Amino acid sequence: MAGHVFHPGHHELHGVTVVLETSGGTTYVGRFHDVEGGVVRMHDVAVHDPAASDVGRDDFLRRTLKFGVRADRKFLTIPEGEVTRITPLGEVRL
């Protein structure tokens, strides 16, 4: 349903599982909560840090799409200035 807000009064992505990409190359997959005070807040987040992983970003996302989010963090804040893109997980095409 285009334009539908999951929870009225919240950000349009509130409660949606998203892929959040950063300028530093780290990718986060989790439930979007909101943007406030210069940070993006997420829940139940899987983290892909290319410097610490032997699995590439696309393989990480393929595995997530196939098996679901393997959350590393219950709650996470990411500085808004580091965010380069936010995409609903269901719209990711590899």
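Contact here means heavy atoms within 4.5 Å. This is a predicted model, in which local features need pLDDT of at least 70 and side-chain atom pairs count only at pLDDT 80 or more, while totals for chains, interfaces and linings use all residues. Residues are numbered from 1 along each chain as its sequence is written, and side-chain values use heavy atoms, with hydrogens and water left out.

**Sheet**

- Five strands make up an open sheet, ordered β4-β3-β2-β1-β5, with antiparallel pairing; strands (E, at least two residues) and helices (H or I, at least four) are DSSP runs numbered from the N terminus, and two strands pair if DSSP finds at least two bridges between them.
- At the edges are β4 (73–79) and β5 (83–88), each of which pairs on one side only.
- On average, neighbouring strands of this sheet are turned by 45° against each other, direction ignored; axes are lines fitted to C-alpha atoms, for helices over the stretch in contact, and angles run from 0 to 180 degrees between N-to-C directions.

**Strand pairs and hairpins**

- Five bridges join β1 and β2 in the antiparallel sense, and Thr17 stands opposite Arg31 in β2.
- The hairpin of β1 and β2 has four residues between the strands, and Gly25 in its turn has a positive phi of about 95°.
- β2 (residues 27–36) pairs with β3 (residues 39–48) in the antiparallel sense over eight bridges; Val29 has Ala46 in β3 as its bridge partner.
- The hairpin of β2 and β3 has two residues between the strands, with a positive phi of about 60° at Gly37 in the turn.

**Helix on the sheet**

- Helix α1 (residues 57–67) lies across β1 (17–22), β2 and β3, and runs at about 80° to β2.

**His48**

- His48 is a residue of strand β3.
- His48 counts as buried because its relative accessibility is 4%; buried means under 20% relative accessible area, exposed over 50%, and partly exposed in between (1.4 Å probe, protein chains only).
- A polar atom of the His48 side chain lies 2.6 Å from the backbone oxygen of Val55.
- With neighbours within four places in sequence left aside, His48 is in contact with Gly25, Thr26, Thr27, Ser53, Val55, Gly56, Arg57 and Phe60.

Conventions: Polar contact = N/O pair within 3.5 Å; in protein donor to acceptor, adjacent residues only side chain to side chain.
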